[in-house]
Every structure is written in C-alpha cells, then in structure tokens.
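Here are my notes on the model you asked me to look over. They cover pockets, core and strand pairing.

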Amino acid sequence: MEATATTPTKPRMRLSQRINFRMIAVAAVVLFLVGYPIYTYLDEAISGGVHNVGNGMKAVDLKALGNFPFDEKVSTISDVPQKWRGLDGQKVILEGFMYAGNSAADNINRFQFVYNIAKCCFGGPPRVQERVFTVVPNGGTVPYYYGEMVRCTGTLHIVVHKNEVGTTDAVYTMDLDKVQEL
C-alpha cells in the first residue's frame, strides 16, 4: 500500500469575518457611481421630462422641452409634440438660465429662458423651440441672475408665433410667477 499525503485544510472563515467595512464602502461607492446615472436616465426616459410635483404643478426638463425637430419657416403648432402641447396653460417649474440680450439692468420684466447659455459658444444660439420667452405680468420686474442657474415658476403657453417675415420667433412663452436662484 502506498501512503498518501494529506494536506491539512484550513477552517473556513465565517461570512462576517470575510466582509469588512472597507469592502462595504467600496461596493456602496461603485453601486452609486453606476446606479445613479442609470436611475436618472431611466427616470427621464419613462417620465418624458415631465414630473408632477403636486398642487397642479409640473416640473419640466427644459432641455427635453426643445428636443425635437422644428423648421422655423414651415413648421406649425402640430409639429410640436403632443406631450408639450398638453402643457399649454399649465403651471410649470423650469430650471435653466436667464438671457436678456437687450438689457443690462439689475431688474428686468422680460427675458429668454434657456437650459444652457454656454451652448451657444459651441453649437450656435439656441433654436427657437429651445427658448421660453418669459414675461413678468402686470408691469412687474424680477432680479436678473445673469450666468446663474435659476428656477422659474409660471404658466406655460405653447403658441407658434410668426414674425412679419414669416419665420417663427416663439414657440413657448411663460407668464412668470416667481424666479429663484439655485
């Protein structure tokens, strides 16, 4: 008979001994870094950029609001997607940047609201459907937060307005209730 060598086996460690705080922290960070962008993408894809926030208010993604093809010369109101036309007359919350190209005043009564002013440096000025032409009703004024992200609350109107040359100069307008710096 041959003698066989037996190797001693290590006693198996319990699970609570194999997992430590650092391992849990690294897993949590990795899960957050991967999970949060996926959650954000899926949330916007499912909601279409419109979220009910209560009291008849809707938070609307300003970038999504203008993300559709629109020809300033021939397009009509029917070329604006139905989900956006459905917001006509609704109270909305938008986040973006104020632009009042013809004003240097501290307080203004009208401005264009866009999701990113810096985009104009790389892709040209925002297209007409990417702007919300905002007016402060009843002759009021609001502070001009140039270059700072703000939240605007008001009544959104969807109307394709043509100028005297026949091109569209506004798709979205808003009667402003409130603006606040973020």
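The points below go through these topics in turn.

1. Basis. This is a predicted model, in which local features need pLDDT of at least 70, side-chain atom pairs count only at pLDDT 80 or more, and totals for chains, interfaces and linings use all residues. Residues are numbered from 1 along each chain as its sequence is written, and side-chain values use heavy atoms, with hydrogens and water left out.

2. Largest pocket. Its volume is about 330 Å³. A pocket here is an open set of points on a 1 Å grid over the protein atoms alone, where a 1.4 Å probe fits, with protein on both sides within 12 Å along at least five of seven lines; lining residues have an atom within 4 Å of a point. The volume is the space filled by probe spheres set on the points. There are 16 lining residues, and Asn102, Arg110, Phe111, Gln112 and Phe133 are the closest to the centre.

3. Make-up of that lining. Strands S5 (110-114), S6 (132-135) and S9 (168-181) each supply at least two residues. Strands (E, at least two residues) and helices (H or I, at least four) are DSSP runs, numbered from the N terminus. By class, the lining holds seven nonpolar, seven polar and two charged residues. Nonpolar covers Ala, Val, Leu, Ile, Met, Phe, Trp, Tyr, Cys and Pro; charged covers Asp, Glu, Lys and Arg; the others, Gly among them, count as polar.

4. Second largest pocket. This one has a volume of about 210 Å³ and twelve lining residues, with Ala59, Val60, Asp61, Leu62 and Glu95 nearest its centre. Strand S2 (57-60), helix H3 (62-65) and strand S3 (91-99) each give at least two residues to the lining; S3 has the largest share, three residues. The lining splits into six nonpolar, two polar and four charged residues.

5. Strand pairing. S1 (50-54) and S2 pair in the antiparallel sense over four bridges, where pairing requires at least two DSSP bridges. Gly54 has Met57 of S2 as its bridge partner. The two strands form a hairpin with two residues between them, and Asn55 in the turn has a positive phi of about 55 degrees. S2 and S3 pair in the parallel sense over three bridges, with Lys58 opposite Val92 in S3.
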